Amino acid sequence: MARRMFAVLTSAVALIGCGESGTPRVALQPTSGKVTVDGQPTAGVEVRFRPADAPGSLDALVPFATTGDDGGFKLGTYEKGDGAPEGRYKVTLFWPDRPPGPQPAEDQLGGTYALAEKTPLEATVAKGENTIPTIEVPKSAVRTTKPGKPRRGTRGDSDGLE
């Protein structure tokens, strides 16, 4: 009797382990590209593809990548580099001025491409292998600063309202 019970439990555990788990995933298409700033391949730029028809949706899948030393990236949706769903996207870029840490990073592109509602960059992912045309942007001449903190080399007023 104990052997029979052990066999039934073992079979049940094996069947549970063989089933599909989690929610179904949408089909992804291999998608890569390159980012240049002032004509130079740029490492460390965070690239996000937000659905053009609902850029602010919190439920939307947002393929993401960070550029390598050659400015290249491969989008990932569920895992690094696994691709992006078919569709039309608004492309956002954020180029942090420092590695992650206790202080929030500033965008070296001045925030020009950081918001999906304002970015002029768009791309389409089609079925099959996708190579997005090189995304060329200028480095911002305007650096953002935090309120109340003077820029290095400048004098701020004491209340931070200059």
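User: Leaving aside its neighbours within four places in sequence, which residues is T42 in contact with?

Analyst: A contact means heavy atoms within 4.5 Å. Apart from neighbours up to four places away in sequence, T42 is in contact with V35, T36, V37, T67, G68, G71 and W95. The C-alpha atoms of T42 and G71 are separated by 4.5 Å, although the two residues are 29 residues apart along the chain. The model is predicted: local features need pLDDT of at least 70 and side-chain atom pairs count only at pLDDT 80 or more, while totals for chains, interfaces and linings use all residues. Residues are numbered from 1 along each chain as its sequence is written, and side-chain values use heavy atoms, with hydrogens and water left out.

User: Where does T42 lie, and is T42 buried or exposed?

Analyst: Helices (H or I, at least four residues) and strands (E, at least two) are DSSP runs, numbered from the N terminus. T42 lies in the loop between β2 (40-41) and β3. A residue is buried under 20% relative accessible area, exposed over 50% and partly exposed in between (1.4 Å probe, protein chains only). T42 has a relative accessible area of 6%, so T42 is buried. A contrasting case is D38, in the loop between β1 and β2. D38 counts as exposed because its relative accessibility is 52%. D38 also has a positive phi of about 55°, although D38 is not a glycine.

User: How many helices and strands does the protein chain have, and in what order do the elements run?

Analyst: The protein chain has 1 helix and 9 strands. From the N terminus on, the order is α-β-β-β-β-β-β-β-β-β. Buried residues make up 29% of the 162 residues in the protein chain. Among the contacts with a separation of 6 or more, 63% are between residues 24 or more positions apart.

User: Which way do β3 and β6 run, and how many bridges join them?

Analyst: Two strands pair if DSSP finds at least two bridges between them. β3 and β6 run antiparallel and are joined by 6 bridges. One example is F49, whose bridge partner in β6 is V91. β6 is also joined to β7, again in antiparallel fashion, by 4 bridges. Within that pairing, K90 stands opposite E122 in β7, and G87 stands opposite V125.

User: Along β7, which side chains point to one face and which to the other?

Analyst: The side chains of β7 alternate.

User: What is found between β6 and β7?

Analyst: The loop between β6 and β7 includes T119. T119 counts as buried because its relative accessibility is 2%. Not counting residues up to four places away in sequence, T119 touches K90, V91, T92, T112 and Y113.

User: How many aromatic pairs does a search of the whole structure find?

Analyst: Rings of Phe, Tyr and Trp (its six-membered ring) pair if their centres lie within 6.5 Å; planes under 30 degrees apart count as stacked, over 60 as edge-to-face and the rest as tilted. The search of the whole structure finds 1 aromatic pair. This pair consists of F49 and Y89, at 5.5 Å centre to centre, and with 50° between the planes it is tilted. The pair links distant parts of the chain, since F49 is in strand β3 (residues 46-51) and Y89 is in strand β6 (residues 87-94), 40 residues apart. F49 has a relative accessible area of 0%, so F49 is buried. Y89 counts as buried because its relative accessibility is 4%.

User: Which residues of the largest nonpolar core touch the most other members?

Analyst: A nonpolar core is a set of buried Ala, Val, Leu, Ile, Met, Phe, Trp, Tyr and Cys residues joined through side-chain atoms within 4.5 Å. The largest such core has 21 residues, of which V47, F49, F73, V91, L93, I135 and V137 touch the most other members. At least two residues of this core come from each of β1 (31-37), β3, β6, β7 (122-125) and β9 (135-137). β6 gives the most, with 3 residues. To follow one member, consider I135: leaving aside neighbours within four places in sequence, I135 is in contact with K34, V35, T36, F73, V91, L93 and L121.
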